[in-house]
Amino acid sequence: MAHALIRATLIPEIVRMISEKFNVSEEEAMDEFYTSRTAESLSDSETGLYGQSALFIFGLFCEEKNE
């Protein structure tokens, strides 16, 4: 349960950063994020990614986009 709460606070911040960096709407940014491997890892409690900062997760997302 706590992990879901943490993710609920991280995701809006990550989406905002994606929207600003890639100059897309927050809706587009949300779609991009939710279909990424980064989001998949974030939703998996075993990875521990939920314990990282929004900025760190955003960095992973950007790395994934550049692959």
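Trainee: Which residues is Ser19 in contact with, leaving aside its neighbours within four places in sequence?
Mentor: With those neighbours left aside, Ser19 is in contact with Val24, Ser25, Glu26 and Ala29, where contact means heavy atoms within 4.5 Å. This is a predicted model, in which local features need pLDDT of at least 70 and side-chain atom pairs count only at pLDDT 80 or more, while totals for chains, interfaces and linings use all residues. Residues are numbered from 1 along each chain as its sequence is written, and side-chain values use heavy atoms, with hydrogens and water left out.

Trainee: And is Ser19 buried or exposed?
Mentor: Ser19 has a relative accessible area of 13%, so Ser19 is buried; buried means under 20% relative accessible area, exposed over 50%, and partly exposed in between, with a 1.4 Å probe and protein chains only. Ser19 is found in helix α1, and helices here are DSSP runs of H or I with at least four residues, numbered from the N terminus.

Trainee: What are the buried residues of α1?
Mentor: They are Arg7, Leu10, Ile11, Ile14, Val15, Met17, Ile18 and Ser19, and the buried residues of α1 pack against α2 (26-34), α3 and α4 (54-65). As a general point, an α-helix has 3.6 residues a turn, so residues three or four places apart point the same way.

Trainee: What should the 21 residues of α1 span, and how far apart are its end C-alpha atoms?
Mentor: Helix α1 covers residues 2-22 and at 1.5 Å a residue should span 30 Å, which agrees with its end C-alpha atoms being 30 Å apart; the expected span is 1.5 Å times one less than the number of residues.

Trainee: What follows α1?
Mentor: α1 is followed by Asn23, which is found in the loop between α1 and α2. The phi of Asn23 is near 50 degrees, a positive value in a residue other than glycine. For background, most residues other than glycine have a negative phi. Asn23 counts as exposed because its relative accessibility is 70%.

Trainee: Then at what angle do α1 and α2 pack?
Mentor: The angle between α1 and α2 is about 110 degrees, and their axes are 8 Å apart, the axes being lines fitted to C-alpha atoms, for helices over the stretch in contact, with angles running from 0 to 180 degrees between N-to-C directions. That makes α1 roughly perpendicular to α2, given that angles under 35 degrees count as roughly parallel, over 145 as roughly antiparallel, 65 to 115 as roughly perpendicular and the rest as oblique. On the α1 side the contact is made by Ile11, Ile14, Val15, Arg16, Ile18 and Ser19, and on the α2 side by Glu26, Ala29, Met30, Phe33 and Tyr34.

Trainee: How about α1 and α4, what is their angle?
Mentor: α1 and α4 pack at about 45 degrees, with their axes 9 Å apart, and that makes α1 oblique to α4. Residues of α1 including Leu10, Ile14 and Phe22 meet residues of α4, among them Leu55, Phe58 and Phe61.

Trainee: Changing topic, what does Glu32 touch, not counting residues up to four places away in sequence?
Mentor: Glu32, which is found in helix α2, touches Phe61 and Lys65 when those residues are not counted. Glu32 counts as partly exposed because its relative accessibility is 36%. The C-alpha atoms of Glu32 and Thr9 are separated by 18 Å, the two residues being 23 apart along the chain.

Trainee: Where is Ser43 placed?
Mentor: Ser43 is in helix α3, which covers residues 37-43, and its side chain reaches the backbone oxygen of Glu40 at 2.9 Å. The C-alpha atoms of Ser43 and Asn66 are separated by 21 Å.

Definitions and conventions:
Helices (H or I, at least four residues) and strands (E, at least two) are DSSP runs, numbered from the N terminus. A polar contact is a pair of N or O atoms within 3.5 Å; within protein, one must be able to donate a hydrogen and the other to accept it, and residues adjacent in sequence count only if both atoms are side-chain atoms.
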